[in-house]
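Visitor: I am new to this one and would like a short tour. Could you show it to me before I start asking?
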Amino acid sequence: MYIQRIVPNTKSGGLFVLVGSVGANIKTDIQRDIIGKRLKRCKSPDLVSDQERVFNDYFNSKGRVCVDAGAGTGKTKTLVEVLAEAILRESELGYNNPLERILVVTFGVEASRKIKNDLKERLLEHELSGGYIPKDIMRYIETESSISTIDSLLNSIFKEIAPAIGISPSFEIATYFQTEEIIDEVISELRKDENVRGDLEYLDTIYSEFFRSEYSDFQSINEMLRIAQQKMREFCLTREEMEKIIRGNVEKVLYLGKKPPFTRQDVEYIIRATTNGKYGLLCEKDDEKKMLEYVEKVYRELEEIYGRFAKVLREFDRIYDDICRKKGLFSYIDIAYNIWKFSTSQEGLSWKSSLQDKYDHVLIDEFQDTSYAQFEILKLFIRKEEPWNKVMLIGDVKQCIYHWRSAEPEIFSSIIMKLIKGENLSDLNLDGMKYYALKSNFRTHKDLIYFFNSVFSHMFADKSTGAIYEEVPYHPLEPMKKTVTVENESENSPRLHILKLRNEEQEEEQIQNNEAWIELESDEIASFVDGLIAKGIKEGDIALIFRRKKHIPVYVRKLRERGINCILLSDNSIFIEPEVSVLIDFLDWLGNPECRESITRILRSPLVAISDETLRFLSMKKYVITLALEEWDSALPETDKVRLEDILGLRDDLRWDREGSKIELIQRIISHSAFDAVVLTSNDGLQAYANLWLFQEIVSSWEKEELMPYREFIMKLKEYRELARRGKENEYPKAKLAAEQSRNAVRITTVHMAKGLEYPILILADTIMKCEDSQNRVLVLDRSVGAVLLPVVTSMQPAEMKIKEITKNNDGKEIPWVSGHSKSVIWGTYERERDGVVPKPTLFQKVMLKNVSEYWRILYVALTRAKEHLIIPSGSLRSRNDREYSSWHNYLDMHLRKVDSKRGTLDLEWNEKVGNQVIKRREKIKVNEKLSNVPLSKQEKIPYSNERIGSKPEFTVGYEQFVPKRLTPSTFSEIIDCPRRYQYGVLWRMDGVRSLSIVRKNEYLSEKEEEEQRFVDEFGSLVHDAIEHRDFTKGIDEDMCLKRWLDERKSDMKNEVEKALQNLEKLGIGKKIMDAAKAGRKIRREERVYCLIHDKNNKHPAIIFSGRFDLLFLDENNEWIIVDFKTESKKEEGSYRDNHYKTQIGAYCWALKETEKITVSKGCIAYLYPLEGETIFSINNEDFNKKIDLIWNIKLDEKGLCACPNDEKSGRCATCPYRRSNNGPCEYG
C-alpha cells in the first residue's frame, strides 16, 4: 500500500507530492534535489565537463544515469564524487548513518576497497576545505555501509530469506572440494536410479572419446552436467524450462526450425543458412529418398541424445538441490538463483516490494561484468514507480572480457543503444534514465589516444571484428594528460613504435610458422628492452602484455639471457609452483614409499639433485632406493649414493612425525634439507622463497580449522595441485612480491591480470594468436539457446549426398552434414564474406560469435594500458589465413601500413560527433620504425635454465653451499654482513607473506607501523624522483620545471619533498652538485649498472649484479663522486646502517670500474629528511674485491644460511629480521 504526502516546494513556492510505502522509513526528498553542491575541495582537480554533467544530472534531475566510461576517463573518481555528495545530502536528512540508504555494488574485493579508500580521502579533503562531515562516517564506511561486492550482497540477502524457503541462515559457501563431494553424491544417486542410470551411461559412452581429448572443454559427464546445471541457474531457468529448451534445440537450433518429414528444400535451406550460401547440395533425384532418410535418422538420433541429457540434467538439479539444502552448502550461483526464484514466487511478493524502498541511491560499478541472474536481483532494488530512487550504472562495455565467466555485456550495451535511440526502459525498471559518455582521458599521451580513436572507432563498427556480434558504441577519447613520465624525452618524441621483425637467416622476408615467429619476436623484444635500459629507462616502467600465457616462458627466457630482471604477474595457484609441488611429493613419499611418480620428482629436485646416470640406474631398480643402495654400481658418482642415503635417513627421522603437527613436519623437512636456502639459487629465487613461506601459512590455517589424518591431508594437497594444473584453482594464488621488487623488474602480464592497471611503456606481444571457435566444444551454453550438445551420431552419410563449396569448376571443398570432429553443416562453423562479415548468422552462430567479439574487446583493454609509449611488433607471417580479421597482428598491421616511413608519421582519421553533426577528425602523429636495440653478441650471455617455467624438470641443479643467482648493491651488503640476515630479509620484503603466528610466535607489524612504513617507502621514492627532475643550475625557488612536476604529482607529501630538497641545498655535497651543474661538468642521475660477478676458481656460475645509483658527478678536481640520498635521520659512524650504506656505494663504484673503467674517488651518504646531514668517505675497490671473495664460501646449516657472530658495536643483530620472524635471536644472539 502506498500513501501520498503533500509538502511545500521551497524552490518554486508550489507543492511536492511524495509517495512512499506505509511504515517505511521515508524522509523528505526536498534536500536531495536542491541545486547546490555540498562537496568542497582544496587539492584534487575539479571534475571535467563530462564528469560534471553526470554529477549534476544525478542530483538535479531524475537522478538516473547510465555512464559509458571509456578507458582512463576517471570512472572511479566520478562514482566517488557522486557517492560523497550523496552522503552529505543524506546526513542533512537526519540519518544517524548517512550510508544507511545507499547501495554501492562492485564486482571485486579490490574495487570495493578502492572505492572505500577513495571515498574516505574525498571526505577528508572536504573537511580540510572547511566542510562538515558526519560524525563516525569513517567507521560507517568500513563497518556499516552497503559498499560491497555483488557476492557479499547476495550473501546478505540470502540470509534474510533463507528461513522463508526452508534453509538454515547458518548456511555456508561450498568450497571446491565440498562441491566435488556433493557432485559425487548426486552422480551416485543417479546411478542408483533405474529411470536415469541407463541414460547417464549412454551419454558417458558416446562422449567418452571427447572427454579424453586434450582439446575438450570437459573431462567427464559429471563435469558436463555440473556446468550445465550451474549455467541453467545463471540463466534463471527452472529445471522444467531448461528441459523443454534442450529437447527443442534439435529442431530450433540445429535444424533451424525444420522437422520431419523433411524435403529437399528443407535440407537446401539449412545448408544455405548455415554456410552463408557458399555451399550447395549435390544429390541426384533418384537418391533424394536415401538422403532424406539419413537427415531424418540423424535428427532422431540427436533427439534421443538431447532428450536423455535433458532428463538427466533435470534429475541432477533435483538431487543437487536436496543435498545442498540438507548440508547447508551453496555456490554463489545457487544463492543468486534461489533469491531470483523466491522473488518471482507468490510468497516473495511482499518481500520484493520492500526491497524497492530499502535504498534511495543505487550505484553499480563495472556494470558490463553483470550476469543475467545478478541483474535480475539488482533490479529488485530499483523502484518502478515514482518517487524513483537514484540509480547510476557505470562501466565500459568495451572492457568486458569475462564472458567466459558469465558476464553479459549485451545487457549494458542494449541499455545504451536503447537510450541513444530514445527507447523506453520501463521493462527494466529504469524509467527516466539518461545516457552519458565519459570521454576525457587522463591516463594516456595524446598521440596514443589518437591512434586508439582511429583503430577502435573502426573496429567497434566493423562487422568482421569488434561488431561481429553486435555494434558497440565507441566515443572517441579526448586527451587530457600532459605529463611526460618517461625520462630523457621531449613532449614531441614518437609515442607509437613499430618493431619490425624479419628472419635474417631466410632469404625471403616471410616468417615460416608461428613457432619461428615467437622465437624471433621474443628475441627482438628482449633486444629492444635491453636498448631501453641502456638508455636509462627503469625496468619497472616497461611491461610486456599477452593475451594468453602459452608462450610467456619463451619471452622470459630471452630477457633473462640478457640479465634483465623480470617479474611474472600472474594468478597461478601456489600448488602448481615447483618448490611447493616438490614438497607435496616429499610429503606423499613419506606416507607412501612405493609411489614412483613422487620419488622420481624428488630425486630430480634440489632436495637430492642426483645425476642422470643414477636416475637411469634407479629406473632399472624400479626406484626402490634400498635395493639400489644394496646393488650400487661403483661407476656411479659416490656423491649420489651419499644423497640417497641422506634422503632415506631423513625419511626415517620424519616418518613418525606424520600424525603430529603438519606444519612442524614441513618445517623439519625444509630445515633438514636447507630447502628454503637452496630455492634462492633458482632464477626466481625470491618468488620461490616467498611461496614456501606462504605454503606453510596455508597449512597452518588448515590445522587451525580441523584435525586431518595424514592420508586425508596428502589427498587434499594433491587434489589442489591437480586442480591447479587444470587451471581451476583460484583460492590460493602464489605469493606476491613486494613493490620494491617489481619496481626494478620488467613486468610480464596477461590482459586479464592487467585490467585496471597502466604502464608507461607497453609492449604488445604474441599478437598472431587467433581466436578460437566452438568446433571442439562438447557443450555450448548460452542464455539464448540454453544448452546445445555436440552432435555425435552413428548414422553414415550416404555417398550420393555431397555438400560442396560452390565454385565455377565445381571443385570446391566438401563438408559433411554432421561430424563430431570437424566442420559440418549443423555444428561449429560460420562462413564469412571476403570482407570477414557473417551477413545472416543463425541463432547458434550468433552464440559462437560472442567469443569472437570478446577476442577484440581484449585487444582494446590491452592497448589502453599504455600511458606514454606503445610498441607493436610487425612482420610478415606465411599463413593460409592472412585476412585482417584473423588476428590482432593482421588487424593492427592494416592500420600501420599507412605509416609514411620517410617522414616517420601516420595520418589518422575517425568520425566524431560535434553537436548534432558527425565530422571527420584528422590527426597526424609521429611513429618510430627505427628502434634501437642491443645485439646479444655484444653482451655476455647469462646461462639460463627452464627450472620454473618450462616443461622440463622444474629444478636441474642443487648446491651444497649457497650461491645467489642475482644481487643488488643492497642485498650484496646484507649477504656479506650476515647470510642469515639476508635470507630472512628476503622474506620480509615479500608482500602478503606473513610468518606463522602459532608455531613461531612471531610479532606482526601493527597497522600504524605498516602505515608508517608505506609512508617512508612512498616518500623516499618521491624524493628520488624529484631529484631526477631537479635543475641544479637554479635555486629551488627558481626551478619552475620542478615546481610543475611537483604540482602534477598531486601528492600529500609535497611540502615534505620540498623540505628535503631545501636540505640538500644546505649540504656541502648539494653545493658541489650545483657548482658542477653551473660549470657544465658531467652529472649522471638514476642510471643502471649491470655486470657479472665471476668466481675466480670457476666452480660456480656467474652472479648477475645490477642496480641503479642515485647520482654521480665530476667535482672541481675532475674526480668522480657518487651520492646516495636517504630520507631518514643520519646514522652514527660505524653503526650497522652506516656500514651497510657504505658497502652499497662501494658496490656501485666497483661495478662502474668493471663496466666503464670509471674510478670513483669519494662516496657520500646524503641525509635529506627530517634533518640534513652527510657522511663522506673514500672509495677503495681493493677492499671491495676481498668482500666479493666471501660470496663463494657461504655455508648452509639446519636453519638455512649460516649466521655470523654478533657485532654488538654496530647493532646489526638488534634489527635482524630473523629475530622478528622467530621471536628471538639466533645462536649468536
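Guide: What covers the buried residues of helix α7 includes α8 (194–206), α10 (221–234), α13 (288–327), β8 (329–330) and α29 (710–725). Please keep in mind that this is a predicted model.

Visitor: Which residues of α7 are the buried ones?
Guide: They are Phe-177, Thr-179, Ile-182, Ile-183, Val-186, Ile-187 and Leu-190.

Visitor: Why would residues three or four places apart point the same way in a helix?
Guide: An α-helix has 3.6 residues a turn, so residues at that spacing point the same way.

Visitor: What span should α7 have, and how far apart are its end C-alpha atoms?
Guide: Helix α7 covers residues 176–192, and its 17 residues should span 24 Å at 1.5 Å a residue. Its end C-alpha atoms are 24 Å apart, which agrees with that expectation.

Visitor: Let us pick one residue there. Is Ile-187 buried or exposed?
Guide: Ile-187, which is found in helix α7, has a relative accessible area of 5%, so it counts as buried.

Visitor: And what is Ile-187 in contact with?
Guide: Leaving aside neighbours within four places in sequence, Ile-187 is in contact with Leu-200, Asn-222, Leu-225 and Phe-316.

Visitor: Stepping back, how many helices and strands does the chain have?
Guide: The secondary structure comes to 42 helices and 34 strands. The chain has 1229 residues, and buried residues make up 56% of them. Among contacts between residues at least 6 apart in sequence, 74% join residues at least 24 apart.

Visitor: Now a pair of helices, please. How do α18 and α32 cross?
Guide: The axes of α18 (residues 446–459) and α32 (residues 843–863) come within 11 Å and cross at roughly 165°. Angles over 145 degrees count as roughly antiparallel, which makes α18 roughly antiparallel to α32. The crossing is left-handed.

Visitor: Which residues meet there?
Guide: From α18, Phe-452, Phe-456 and Met-459 meet Trp-856, Leu-859, Tyr-860 and Leu-863 of α32.

Visitor: What about Lys-850, is it buried or exposed?
Guide: Lys-850 sits in helix α32, and its relative accessibility is 7%, so it counts as buried. Not counting residues up to four places away in sequence, Lys-850 touches His-403, Glu-410, Tyr-469 and Asp-782.

Visitor: How many of the residues of α28 are buried?
Guide: Helix α28 is mostly covered, with 15 of its 21 residues buried. This helix, residues 685–705, reaches 31 Å from its first C-alpha to its last, close to the 30 Å expected at 1.5 Å a residue.

Visitor: Changing topic, how many disulfides are there?
Guide: The count comes to zero disulfides. Among the cysteines, Cys-324 has 2% relative accessibility and therefore counts as buried. Cys-1164, at 0%, also counts as buried.

Visitor: What is the phi of Cys-236?
Guide: Cys-236 has a positive phi of about 60°, although it is not a glycine. Cys-236 lies in the loop between α10 and α11, and it is buried, with a relative accessible area of 5%. Asn-276 also has a positive phi, near 60°, and lies in the loop between α12 and β7 (279–282).

Visitor: Where is the cis bond that involves Tyr-1169?
Guide: That cis peptide bond joins Tyr-1169 and Pro-1170, with omega about 5°. Pro-1170 is in the loop between β31 (1160–1167) and β32 (1173–1178). The peptide bond from Pro-260 to Pro-261 is also cis, with omega near -5°, and Pro-261 is in the loop between α11 (239–254) and α12 (264–274).

Terms used: Residues are numbered from 1 along each chain as its sequence is written. This is a predicted model: local features need pLDDT of at least 70, side-chain atom pairs count only at pLDDT 80 or more; totals for chains, interfaces and linings use all residues. Side-chain values use heavy atoms; hydrogens and water are left out. Helices (H or I, at least four residues) and strands (E, at least two) are DSSP runs, numbered from the N terminus. The expected span of a helix is 1.5 Å times one less than its number of residues. Buried means under 20% relative accessible area, exposed over 50%, partly exposed in between (1.4 Å probe, protein chains only). Contact means heavy atoms within 4.5 Å. A disulfide is a pair of cysteine sulfur atoms within 2.5 Å. Axes are lines fitted to C-alpha atoms, for helices over the stretch in contact, and angles run from 0 to 180 degrees between N-to-C directions. Angles under 35 degrees count as roughly parallel, over 145 as roughly antiparallel, 65 to 115 as roughly perpendicular and the rest as oblique. A crossing is left-handed if the near helix is turned anticlockwise from the far one by less than a right angle, and right-handed if clockwise.
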